[in-house]
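Please keep the sequence and the structure in view while reading.

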Amino acid sequence: MKKALSEIFDLVPKSEARKKMKSLFLEISSKNEKVKQVQENLLDFLGHRSSSENLKVISYVSDEYEISPFSSLNFSLKIGSLDLDIFFPKVTNLGLEFRNGSGFSKGEFGILEPNGENSISPYDADWILVPALGWNREGARLGRGKGFYDRVLQDILSEKMIGLSFEDLYPCDFSAEPHDLRVGTLITEKKNHCFPGKMGEKSVG
């Protein structure tokens, strides 16, 4: 699929790239096995790159076109030596907030959102897992076009943000714009793609 992907994406408009990435995601072979490997690679990354074993992590609830960061949907996880407090996005009248608490219910866009009131600022999170349809060669995010993540994370350092993808779907060379969110690391089932040029830089701009 690598060759085909490079032929499909030649700095195409975002709207076209979104449609194609959704289709390609659904066609991924051995998807469950690859998702499990991405999750294992993520945990390994968190364990090796964190200064503490007690971590505050902003995650997300995946849909059919995204990789779920963890094997279960919980507000706290104890995995090996790692003790994770996990926060999830919730759309409010103030924009996107990250909360944990007691259970989930469907939000404005039909995606599960946390019911609790306990929230965390992105500045205080140790790591931020960012959902996306695709990522380009510089770690820029192809989102859904609503701008929630671009706005709430625009001043956060890229190095604390992580994207997930399948190796066959990277890179997605869409027409990125200056306001598009950029992560410091992209984790696939095969390797970690790091973007050292973004270390110390804000995620947008």
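## Two residues in contrasting surroundings

Lys106 is found in strand β5, which covers residues 104-106; helices (H or I, at least four residues) and strands (E, at least two) are DSSP runs, numbered from the N terminus. The model is a predicted one, in which local features need pLDDT of at least 70 and side-chain atom pairs count only at pLDDT 80 or more, while totals for chains, interfaces and linings use all residues. Residues are numbered from 1 along each chain as its sequence is written, and side-chain values use heavy atoms, with hydrogens and water left out.

With a relative accessible area of 68%, Lys106 is exposed, where buried means under 20% relative accessible area, exposed over 50%, and partly exposed in between (1.4 Å probe, protein chains only). Leaving out residues up to four places away in sequence, Lys106 touches Ile111 and Leu112, contact being defined as heavy atoms within 4.5 Å. Lys106 and Asn136 are 30 residues apart along the chain, and their C-alpha atoms are separated by 30 Å.

Phe195 belongs to the segment after β13 (192-194) and, at 7% relative accessibility, counts as buried. Its contacts, apart from neighbours within four places in sequence, include Asn136, Arg137, Glu138 and Gly139, as well as Tyr170 and Val183.

## A buried serine

Ser59 sits in the loop between β1 and β2 (76-79), and its relative accessibility of 1% is why it counts as buried. Beyond residues up to four places away in sequence, Ser59 touches Pro69, Phe70, Ile86, Phe87, Phe88, Pro89, Leu129 and Tyr149.

## Salt bridges

Side chains of opposite charge can pair when their charged atoms come close. The structure holds ten salt bridges, each being a side-chain nitrogen of Lys or Arg within 4 Å of a carboxyl oxygen of Asp or Glu. One of them joins Lys34 to Asp168, with the closest N and O atoms 4.0 Å apart. This pair links distant parts of the chain, since Lys34 is in helix α3 and Asp168 in the loop between β11 and β12, 134 residues apart. Both Lys34 and Asp168 are buried.

Another salt bridge pairs Glu66 with Arg144, whose closest N and O atoms are 3.2 Å apart. Glu66 lies in the loop between β1 and β2 and Arg144 in the loop between β10 (141-142) and α4, so the pair ties together parts that are 78 residues apart in sequence. Glu66 is buried, with a relative accessible area of 13%, whereas Arg144 is partly exposed at 34%. Glu97 and Arg99 also form a salt bridge, the closest N and O atoms being 2.8 Å apart, and Arg99 counts as buried at 10% relative accessibility.

## The nonpolar core

The largest nonpolar core has 56 residues, and those with the most contacts inside it are Leu46, Val130, Leu153 and Ile162. Such a core is a set of buried Ala, Val, Leu, Ile, Met, Phe, Trp, Tyr and Cys residues joined through side-chain atoms within 4.5 Å. Among the elements that give two or more residues to this core are α2, α3 (31-49), β1 (54-58) and β3, and β3 supplies the largest share, six residues.

## Pocket and cavity

The largest pocket holds about 650 Å³ of space. On a 1 Å grid over the protein atoms alone, a cavity is a set of points where a 1.4 Å probe fits but cannot get out, and a pocket is an open set with protein on both sides within 12 Å along at least five of seven lines; lining residues have an atom within 4 Å of a point. Of the 33 residues lining the largest pocket, Arg141, Arg144, Lys146, Phe148 and Tyr149 are the closest to its centre. The largest share of the lining, four residues, comes from α4.

The structure holds one cavity of 30 Å³ or more, and the largest cavity has a volume of about 90 Å³. It is lined by 15 residues, of which Phe25, Tyr65, Ala132, Leu164 and Ser165 lie nearest its centre.

How values were computed. Points joined across faces, edges and corners; volume = space filled by probe spheres on them.
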